[in-house]
Amino acid sequence: MNALALYGRYVATSLRAQAQYPTATLMLTAGHCAATAIEILCVFALFHRFGSVGGWTFGEAAVFYALVNIMFSLADMLSRGFEVFGTDFVRTGAFDRVLLRPRAAALQLAGYEVRLSRLGRLLQAAVVLVFATSLVPIAWDASTIAIAVWAVAGGVALFMGILVLQATLAFWTVDSLEIMNVLTYGGVQAAQYPLNIYAAWFRQVLTFGLPLACVAYYPVLAILKRPDPLGAPDWLLPLAPIAGFAFLALSFVAWRAGMARYTSTGS
Amino acid sequence: MPQILVEALAKTYRVAERAPGLTGALRGLVHRRWRPVHALANVSFSLEAGELLAFIGPNGAGKSTTVKILSGILRPTSGRVEVGGLVPYEDRVRHVARIGVVFGQRSQLWWDLPVIDGFDLLADIYRVEPQRYRRRRDELVTMLRLEPLLDQPVRQLSLGQRMRAEFAAALLHDPAILFLDEPTIGLDAPSKLAVRDFVRRLNREQGVTVLLTTHDMHDVEALAERVIVIGQGRLLTDGPFDSLRASVLAERRLHIDFAGAAPVLEMPGVTVRARTERSLELAFDPTKIPTPKLIAAITAKHAVDDIHVDEPAIEEVIARFYDLHDAGEA
């Protein structure tokens with residue numbers, strides 16, 4: 001069975017395990033939906049008070065918000081094994097069991113637990129996207145849909161990359177570091193607003209360091225058919241999400257170094 | 001060419017030294033001092049296909065480190081290891097596809113899934129062809145009497161039932177080599193017997209090479225023809241258990257119940273280990289005083305109700321062996 005098919009089996013297995021506790025799963029999902037919905041209310045409050053921010057309307061900001069949350073919820077759903085790697089695998093020694101199976105460790109971790117409750121955030125973000133579409137004139141034709149899907153794919157890769165880095169650090173620190181939440185949850189917060197409202201140094205960070213702007217800001221400009229107020233060329237906008245995949249690839253380079261360290265220290 | 005070859009294996013860990021207390025912990029954050037710990041030093045042995053070897057030693061002796069290196073999880077500091085022609089830690093994925101591992105303290109099954117679903121998933125993980133998988137699974141289910149448990153989620157199994165399922169899980173891909181790390185720990189007596197019986201059958205009937213670590217000396221007595229003792233990272237002895245016993249504690253024990261009060265016995269080469277009002281336990285060396293002669297000498301002078309001879313318990317032999325080699329818990 002090839003890796004992709006096996007991953008599918010892992011996902012199915014995880015879903016079946018959660019189906020053992022249907023009420024808990026349902027309530028977690030609803031809770032997650034409600035908790036994340038507060039965030040869009042905050043965005044709305046901000047725009048309601050100031051009318052527009054940095055030349056953007058609420059409807060446009062809602063498109064950023066929706067896409068970033070769709071990316072993050074998918075990545076969060078698919079990378080649980082990396083997120084809890086320190087506490088659930090390194091500290092408990094369960095990672096040894098992963099290494100005893102004749103498959104890539106990363107594949108086993110990605111399939112470790114696919115949490116249905118994350119559908120709560122996804123659902124909420126999808127609702128916001130539909131709502132935003134009614135506020136802003138977006139032409140959902142083949143090319144804009146393609147850009148949106150491509151941006152989401154790049155964004156999922158980017159957030160997964162952050163979670164892989166978080167797991168990699170656990171090879172050194174043993175625990176899963178809450179400080180990495182600055183990058184995940186903080187990243188979601190930062191990327192759900194348009195880039196041009198930030199100071200120059202922070203824009204640099206979001207473009208070249210942790211390239212959240214490349215998977216959210218630039219492709220959304222392309223979807224909204226707006227030129228970049230900061231002057232990035234139009235042809236570049238739909239290409240930007242590739243940075244997410246580059247980030248993921250680099251994360252896996254670090255991950256391999258962490259694996260090598262683990263096998264030489266055993267802790 | 002032996003199936004498992006270990007030559008001059010050494011593993012050194014670096015352990016951070018910490019001064020006690022909060023100030024010590026804070027100082028440790030800034031400036032750490034490392035101390036080398038030699039978990040294994042110059043360990044060599046080899047194992048032919050179909051052998052059954054028990055690895056024993058006190059806690060912290062290096063047993064788990066050895067098993068981890070052999071199973072490809074850990075990379076040694078120096079030395080050479082080959083298992084079935086592969087270097088485990090260089091070729092992890094290919095290597096682990098050919099071995100089975102059971103940890104007594106850790107489960108490899110899916111807690112919330114029925115046993116059978118876990119088996120199915122493992123078959124996919126190990127790329128076992130469906131037809132072969134079904135045949136092998138049915139065989140293991142029969143041998144381990146798992147039929148009534150297959151539909152139950154793993155979390156509902158007793159420890160004994162779960163261990164039987166763990167054994168099946170480790171063997172679905174039909175490995176030629178099985179590593180067992182304390183497989184009987186915490187089990188009740190019937191479950192221990194079932195595990196030993198299964199391991200013996202697997203080794204004798206199917207020719208699976210077994211390497212087992214344990215603290216339960218009855219596992220050793222019941223299973224292993226060959227025993228390796230390690231202490232403080234060094235290999236102390238490698239051979240049949242009987243020769244270990246002979247080299248350490250050749251004495252026999254004579255238990256006597258007297259018809260009347262137990263007498264005061266003074267015989268050269270015989271020591272009184274325990275006495276009650278009407279019984280004695282004597283220790284003697286059978287090469288110096290043959291057992292029949294000792295019994296004859298006692299029964300000639302005293303009226304005896306019952307008498308039997310035995311050997312020191314295996315735990316005692318091992319404890320004495322650790323003492324002799326100064327190999328107590330590290």
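In chain A of this predicted model, A:Ala216 is in contact (C-beta atoms, placed from the backbone, within 7 Å) with A:Phe64, A:Leu67, A:Val68, A:Gly155 and A:Ala191, leaving aside its neighbours within four places in sequence. Residues are numbered from 1 along each chain as its sequence is written, chains being lettered from A and ligands numbered from 1 in the order in which they are written. As the model is predicted, local features need pLDDT of at least 70 and side-chain atom pairs count only at pLDDT 80 or more, whereas totals for chains, interfaces and linings use all residues.

Helix α9 of chain A (residues 142-173) has 32 residues and reaches 46 Å from its first C-alpha to its last, close to the 46 Å expected, where the expected span is 1.5 Å times one less than the number of residues. A:Val174, with a positive phi near 70 degrees, follows α9(A).

Chain B has eleven helices and 13 strands, these being DSSP runs (H or I, at least four residues, for helices; E, at least two, for strands) numbered from the N terminus. Of its 330 residues, 37% count as buried.

An open sheet of six strands in chain B has the order β5-β6-β7-β3-β8-β9, with mixed pairing, two strands being paired if DSSP finds at least two bridges between them. Because β5 (99-103) and β9 (234-240) of chain B stand at the edges, each with a single partner strand, one side of each is left without a neighbour in the sheet. The twist averages 15 degrees from one strand to the next, with axes fitted to C-alpha atoms, for helices over the stretch in contact, and angles running from 0 to 180 degrees between N-to-C directions. Strands β6 (residues 177-181) and β7 (residues 209-213) of chain B pair in the parallel sense over five bridges, and B:Asp181 has B:Thr213 in β7(B) as its bridge partner. Helix α2 of chain B (residues 63-70) packs on the sheet, touching β3, β6, β7 and β8 of chain B, and its direction makes about 150 degrees with that of β6(B).

Note on methods: Buried ≥ 20, exposed ≤ 12 C-beta atoms within 10 Å, placed from the backbone. Contact = placed C-beta atoms within 7 Å.
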